[in-house]
Amino acid sequence: MTIKPTPRLAIDGDAVLKEAVSRISHASKPGTPARREFLRRSLTLGGLAMLTGCSLTDEASVDTALSRISRINDDVQGWLFDPNRLAPTYPDSMITRPFPFNAYYGQDQIREVEESSFRLEVTGMVADKRKWSLPELRAMPQIDQVTRHICVEGWSAIGKWGGVSFGHFLRRVGADLSAKYVGFKCADDYFTSIDMATALHSQTLLALTYDGQPLPPKYGFPMKLRMPTKLGYKNPKHIQAIYVTNMYPSGYWEDQGYNWFGGS
Ligand SMILES: Nc1nc2c(c(=O)[nH]1)N[C@H]1C(S)=C(S)[C@@H](COP(=O)(O)O)O[C@H]1N2
Ligand SMILES: [Mo]
């Protein structure tokens, strides 16, 4: 069941919450004192304490308020998401070289996944739960895209990813396209999840290559989900398992306060 926003929330709450969450996303890492102080002040000033019903007097209530605001904002963003709007694409000459690496660990701990034994798991609300080898995925129709990756840590870069249209893949495995979420489990224990509308967006790619070469380990071998409509942390690298579900699957950074929708 979808609950439509009341006109009041759509006008007032929407603007206030979007502003707050975008500032939150651009503030320092979750849990740092500066970020908490910012939250405490801005939430009180903006009357957001009242909106969330949290007192914001201690760490626990700040956490609760943050997660409530994030969920309200997810709903608003979901309503605003336009499945037909495309993210900008760029000429090859604008590719950022070298493309940056980022993960919740350093370059010395990049996960090496073995190609020959690798099988992608597909579970949950799908008709065909068969595992996929890399050659099988490479045999599907491939698309190339040059798009901008935006990380909330304050950098962005243009890269070229190639692979299978994720909507095509979901239809191929007989996914229930009316399900709410698609979740991802990664070889480095990272995890994240997205809404079905974004999963089916025409630019959402199950990427197998970077700049025409098999995805190198640092960019997420054997595959990553590349979405130019979403922030960097929503784009999982080293995907091991994909599942379709109606139960909110959360994510690594999302659990630490990053906005779940994380996109446009
Ligand atoms: N498996 C996995 N995927 C991940 C991450 C991670 O730590 N592990 N970090 C995310 C973040 S915050 C960013 S900005 C991008 C970085 O991708 P890149 O190394 O290709 O630039 O990967 C995203 N996907
Ligand atoms: Mo990021």
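Threonine 96 counts as partly exposed, because 15 C-beta neighbours lie inside 10 Å and a residue must have 20 or more to be buried. The model in which this residue is examined is a predicted one. Threonine 96 is found in the loop between helix H4 (59-80) and strand S1. Its C-alpha atom is separated by 5.2 Å from that of isoleucine 158, although the two residues are 62 residues apart along the chain. Leaving aside neighbours within four places in sequence, threonine 96 is in contact with Ala157, Ile158 and Gly159.

Tyrosine 90 lies in the loop between H4 and S1. Tyrosine 90 is partly exposed, with 15 other C-beta atoms within 10 Å. Not counting residues up to four places away in sequence, tyrosine 90 touches Val146 and Ile158. The C-alpha atoms of tyrosine 90 and arginine 148 are separated by 8.1 Å, and these residues are 58 residues apart along the chain.

## The chain as a whole

The protein chain contains 7 helices and 9 strands. It has 264 residues, of which 33% count as buried. Among the contacts in the chain with a separation of 6 or more, 66% are made by residues 24 or more positions apart.

## The sheet containing strand S9

Strands of a sheet pair through backbone hydrogen bonds, and the pairing is either parallel or antiparallel. In this model, an open sheet of 4 strands has the order S1-S9-S4-S5, and its pairing is mixed. S1 and strand S5 (191-195) stand at the edges with a single partner strand each, so one side of each is left without a neighbour in the sheet. On average, neighbouring strands of this sheet are turned by 20 degrees against each other, direction ignored.

Strand S1 (residues 121-124) pairs with S9 in the parallel sense over 4 bridges, and glutamate 121 stands opposite alanine 241 in S9. Strand S4 (residues 181-186) runs antiparallel to S9 and is joined to it by 6 bridges; here tyrosine 181 stands opposite threonine 245 in S9. S4 is also joined to S5 by 5 bridges, and these two strands run antiparallel. The bridge partner of lysine 185 in S5 is phenylalanine 191. Strand S9 (residues 239-245) is mostly covered, as 5 of its 7 residues are buried.

## Strand S6 and its partners

Strand S6 (residues 205-210) is largely enclosed by the rest of the structure, because 5 of its 6 residues are buried. Strand S3 (residues 155-165) runs antiparallel to S6 and is joined to it by 5 bridges. Within this pairing, valine 164 stands opposite leucine 206 in S6. Strand S8 (residues 224-226) pairs with S6 in the antiparallel sense over 3 bridges, and leucine 205 stands opposite arginine 226 in S8.

S6 also pairs with strand S7 (residues 213-214), in the antiparallel sense and over 2 bridges. Tyrosine 210 stands opposite glutamine 213 in S7. S6 and S7 form a hairpin with 2 residues between the strands, in which aspartate 211 takes a positive phi near 50 degrees.

## The largest nonpolar core

In soluble globular proteins, nonpolar side chains tend to be buried together. The largest nonpolar core of this model has 32 residues, of which Phe166, Val182, Leu206, Ala207 and Leu215 touch the most other members. Two or more residues are given to this core by each of S3, helix H6 (166-172), S4, S5, helix H7 (196-199), S6 and S9. S6 provides the largest share, 5 residues.

Not counting residues up to four places away in sequence, leucine 206 touches Gly163, Val164, Phe166, Phe169, Met223 and Leu225. Val164 is also the residue that stands opposite leucine 206 in the pairing of strands.

How values were computed
Residues are numbered from 1 along each chain as its sequence is written. Chains are lettered from A and ligands numbered from 1 in the order in which they are written. This is a predicted model: local features need pLDDT of at least 70, side-chain atom pairs count only at pLDDT 80 or more; totals for chains, interfaces and linings use all residues. A residue is buried if 20 or more other C-beta atoms lie within 10 Å of its own, exposed if 12 or fewer, and partly exposed in between; C-beta atoms are placed from the backbone. Two strands pair if DSSP finds at least two bridges between them. Two residues are in contact if their C-beta atoms, placed from the backbone, lie within 7 Å. Axes are lines fitted to C-alpha atoms, for helices over the stretch in contact, and angles run from 0 to 180 degrees between N-to-C directions. A nonpolar core is a set of buried Ala, Val, Leu, Ile, Met, Phe, Trp, Tyr and Cys residues joined through C-beta atoms within 7 Å.
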